[in-house]
Amino acid sequence: MAMRVGYGRTSTVEQEAGLEAQHRDLEAAGCGKVFAERVSSVAKRAQMEAAIDYVRDGDTLVVTKPDRLARSVADLLAIVARLEAKGVGLLVLSMGGQPVDTRSATGRLTLTILGAVAEFERALMLERQREGIAKAKDEGKYKGRVPTAQRQSAEVLKLKAEGVGATVIAERLGIGRASVYRIIGGAEGQEPAANGAA
């Protein structure tokens, strides 16, 4: 018996509410099973692969929006081709304000056009962001993102003062050992050798 299988994704743990909302929408759309994960679209998406592996001929994979499934139009169309090869349809619950089902020619066309528009809008947004950063740099207002390791300098130095080795500090704080050495070296006014006390 054909079934609807849902797939939900958010990029970070902070978007927990978004993942829960996707889960609710997918269940409301009749999904008997839902695969979900918190991972960037550019990373390996194990649950997406599990969902594609799980669906069978006649089933429909359901997502709330196309960007939950694919990173680009090319990626989206490649996924649709994989699904179609298995006899599986794709239903996007909200694409341009309306559901799109790839089982129809109109649905496939709509998916391609709206996906291309979304990708174009994203490219424009990134271009505006780059222009804004360049302008801020010219005006001396752009500082950039504070490196993750630098945010933990005080903790690194505290642990070092307590006699904790660089390797252990790196593991405890989730930063690279080289970063630990840079922070310690900066505090001591010199860069310790990377093969020092660990």
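The entries below go from confidence to the sheet and then to the helix pairs.

**Ground rules.** I am reading a predicted model, where local features need pLDDT of at least 70 and side-chain atom pairs count only at pLDDT 80 or more, while totals for chains, interfaces and linings use all residues. Residues are numbered from 1 along each chain as its sequence is written, and side-chain values use heavy atoms, with hydrogens and water left out.

**Confidence.** I looked up pLDDT (the predictor's confidence in each residue, from 0 to 100). The protein averages 83, and 88% of the residues score at least 70. Confidence is highest in E3, at 96, and lowest in helix H6 (residues 148-151), at a mean of 68. Helices (H or I, at least four residues) and strands (E, at least two) are DSSP runs, numbered from the N terminus. I also marked residues 190-198, where pLDDT stays under 50 and the model has 19 contacts beyond four places in sequence. Contact means heavy atoms within 4.5 Å. Where pLDDT is low, the predicted coordinates should not be read in detail.

**The sheet.** In what order do the strands of the open sheet come? I read E2-E1-E3-E4-E5, 5 strands with mixed pairing. Two strands pair if DSSP finds at least two bridges between them. Strand E2 (31-38) and strand E5 (98-101) are the edges, each pairing on one side only. On average, neighbouring strands are turned by 20° against each other, direction ignored. At one end, E5 runs antiparallel to strand E4 (residues 89-95), and 3 bridges join them. Met95 has Gln98 of E5 as its bridge partner.

**H1 on the sheet.** Helix H1 (residues 16-28) lies across strand E1 (4-10), E2, strand E3 (60-63) and E4, and runs at about 170° to E1. Axes here are lines fitted to C-alpha atoms, for helices over the stretch in contact, and angles run from 0 to 180 degrees between N-to-C directions.

**H4 with H5.** Helix H4 (residues 73-85) packs on helix H5 (residues 105-138) at about 155°, with axes 9 Å apart. The two are therefore roughly antiparallel. My cut-offs: under 35 degrees is roughly parallel, over 145 roughly antiparallel, 65 to 115 roughly perpendicular and the rest oblique. Among the contact residues are Leu76, Leu77 and Val80 of H4, and Leu111, Gly115 and Ala116 of H5. By class, I noted 7 nonpolar, 2 polar and 3 charged residues. Ala, Val, Leu, Ile, Met, Phe, Trp, Tyr, Cys and Pro count as nonpolar, Asp, Glu, Lys and Arg as charged, and the others, Gly among them, as polar.

**H2 with H4.** H4 also packs with helix H2 (residues 46-54), at about 30° and with axes 10 Å apart. That makes H2 roughly parallel to H4. Met48, Glu49 and Ile52 of H2 meet Ile79, Arg82 and Leu83 of H4, a contact with 4 nonpolar, no polar and 2 charged residues.

**H7 with H8.** Which way do helix H7 (residues 153-161) and helix H8 (residues 166-173) lie? Their angle is about 140°, with axes 10 Å apart, which makes H7 oblique to H8. Glu155, Val156, Leu159 and Lys160 of H7 touch Ile169, Arg172 and Leu173 of H8. I count 4 nonpolar, no polar and 3 charged residues there.
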